[in-house]
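Subject: Handover of a structure and its findings

Dear colleague,

Please find below the structure that I am handing over to you.

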Amino acid sequence: MFDFSQFPFWSLAIIPLAIVFLWLLFRTKQSHKRQQSTLSSEYFKGLNYLLNDEQGKALDVFVKLVESNWDTIDTHFTLGKIYRKNGEMDKAIKIHQGLIGRPSLPEQYRCKILLELGYDYLGAGWFDRAEGLFKEVLIQDEKSTEARHNLILIYQQEKNWFKAIEIAVDLYSENPDETGPMIAHYYCELAEISKLKGDVSQLENYSKKALHYDDACVRASIIMADQIKATGDDKKAIALYETIESQDVESIILVIDSLSECYENLSSQDKLYDYLLALQHRHKNLFLQNHIAGVLEKSQGSRAAIVYLTDEIKRQPTLSGMQKLISYKQEEIDSDRVFSDLAVVMSVLQKDKVEYRCQKCGFNTNTHYWLCPSCNRWDSVKPGILQPEHLHII
Ligand SMILES: [Zn+2]
């Protein structure tokens with residue numbers, strides 16, 4: 001009988017491993033009754049080594065066991081995954097290296113072990129070794145989707161966009177919906193590098209390729225529209241910015257300032273007002289009230305902006321809308337104490353406002369990312385506006 005109080009903390013962490021092993025052992029016992037006795041005693045021996053944190057001895061036992069019966073290999077994969085999940089990459093690597101080095105290894109398991117070892121190296125941050133293993137998988141199975149996906153992730157991490165494109169294009173015909181947006185972003189990365197180099201021709205070339213693989217690629221439209229805006233062709237830039245509405249309407253918030261500048265350069269405040277009003281009408285979930293108020297302020301003065309905002313906030317209350325209204329009121333009645341106090345309260349509430357949120361993993365940020373730094377997905381970070389549902393405006 002174990003007295004757990006005498007064992008250090010790591011011993012308790014082994015308990016889930018022991019449970020998994022016992023369960024797998026039970027399954028093994030069901031299907032291999034003739035070998036039951038030998039396997040059970042050897043497994044318990046290995047398990048005992050694990051409980052005593054004698055990893056080397058435990059691995060020796062398990063590797064010998066698998067050599068006598070390769071049907072038990074799933075047990076090793078499970079153990080490797082548990083170690084990897086716990087961040088113990090060295091132990092996971094030892095397990096998989098032990099398997100791959102066995103002369104009796106049946107060929108059917110080779111790719112699976114190489115993939116698992118590749119995951120171990122990825123987890124340990126050894127991308128060059130992982131790359132080598134995934135390439136080795138492709139030599140044996142050129143259609144391995146898993147190996148190609150992992151190579152893409154490695155090249156993405158290394159910002160080697162050409163290599164990432166080469167593999168992703170290979171996968172495109174099999175799964176265009178998933179792979180198309182990825183390829184589009186790789187071309188956008190190249191377009192942004194071209195922009196830094198001042199190579200407009202390549203910028204356009206890569207942006208067009210991005211749109212070829214994903215016609216809803218907002219990033220490519222923004223890169224092209226920004227470039228055209230920089231040349232002074234505001235009309236063409238406006239047309240491009242406005243295509244974002246059909247690509248992904250929420251992302252129009254990303255370009256609303258640039259779009260407004262183009263209209264202002266053309267002295268077309270009235271057209272901007274009409275456009276924003278129509279956009280708001282078409283998409284009730286967009287919060288454009290502050291932008292519309294800003295246009296009204298410039299064209300008709302702050303009184304018009306106050307009238308508009310007062311009305312809008314009753315219909316669609318937002319913290320930013322209320323803060324904007326209070327700032328207008330403060331300017332109008334400079335010495336009003338009530339509005340000064342309210343402004344302080346609103347700025348405190350606004351401080352916690354999240355500007356962008358990942359729709360896949362919930363990551364919150366005040367900086368926009370095309371690739372979520374938390375879940376590593378493209379296009380999942382969207383503008384998000386906090387609505388004060390607890391505020392009741394009469
Ligand atoms: Zn995310």
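Helices (H or I, at least four residues) and strands (E, at least two) are DSSP runs, numbered from the N terminus. Please note that this is a predicted model, in which local features need pLDDT of at least 70 and side-chain atom pairs count only at pLDDT 80 or more, while totals for chains, interfaces and linings use all residues. Residues are numbered from 1 along each chain as its sequence is written, and side-chain values use heavy atoms, with hydrogens and water left out.

Pockets

A pocket is an open set of points on a 1 Å grid over the protein atoms alone, where a 1.4 Å probe fits, with protein on both sides within 12 Å along at least five of seven lines; its lining residues have an atom within 4 Å of a point. A volume is the space filled by probe spheres set on the points, which are joined across faces, edges and corners.

The largest pocket has a volume of about 570 Å³. Its lining comprises 25 residues, of which Ile253, Ile256, Asp257, Asn290 and His291 are the closest to the centre. At least two lining residues come from each of the helices α16 (256–265), α18 (289–300) and α20 (319–332). The greatest contribution is that of α18, with 7 residues. Domain 2 (287–351) and domain 3 (354–394) each provide at least three residues of this lining; the domain bounds come from an automatic or database domain assignment. By class, 9 of the lining residues are nonpolar, 8 polar and 8 charged. In this classification, Ala, Val, Leu, Ile, Met, Phe, Trp, Tyr, Cys and Pro count as nonpolar, Asp, Glu, Lys and Arg as charged, and the others, Gly among them, as polar.

The second largest pocket holds about 410 Å³ of space. Among its 17 lining residues, Glu178, Met182, Asn376, Arg377 and Trp378 are the closest to its centre. Both α9 (145–157) and α11 (176–197) supply at least two residues of the lining, and the largest share, 4 residues, belongs to α9. This lining divides into 6 nonpolar, 5 polar and 6 charged residues.

The zinc site

Which residues hold the zinc ion? Its protein donors (N, O and S atoms within 2.8 Å of the metal, or 3.2 Å for Na, K and Ca; water is not among the atoms, so sites may look incomplete) are the SG atoms of Cys358, Cys361, Cys372 and Cys375, lying 2.3 Å from the ion. Along the chain, these donors follow the spacing C-x2-C-x10-C-x2-C. Cys361, in the loop between β1 (356–358) and β2 (364–365), and Cys372, in the loop between β2 and β3 (381–383), link distant parts of the chain, 11 residues apart. The arrangement is tetrahedral because the 4 donor atoms subtend angles of 106 to 112° around the zinc ion; four donors count as tetrahedral if all angles lie between 85 and 135 degrees.

Cys372 counts as buried, at 1% relative accessibility, whereas Cys361 is partly exposed, at 35%. Here buried means under 20% relative accessible area, exposed over 50%, and partly exposed in between (1.4 Å probe, protein chains only).

Individual residues

Lys159, in the loop between α9 and α10 (161–172), has a positive phi near 55° although it is a residue other than glycine. Lys159 counts as exposed, at 59% relative accessibility. Trp161 is found in helix α10 and is buried, at 6% relative accessibility.

Yours sincerely

Methods. Tetrahedral: all angles 85-135°; square planar, octahedral: opposite > 155°, others 65-115°.
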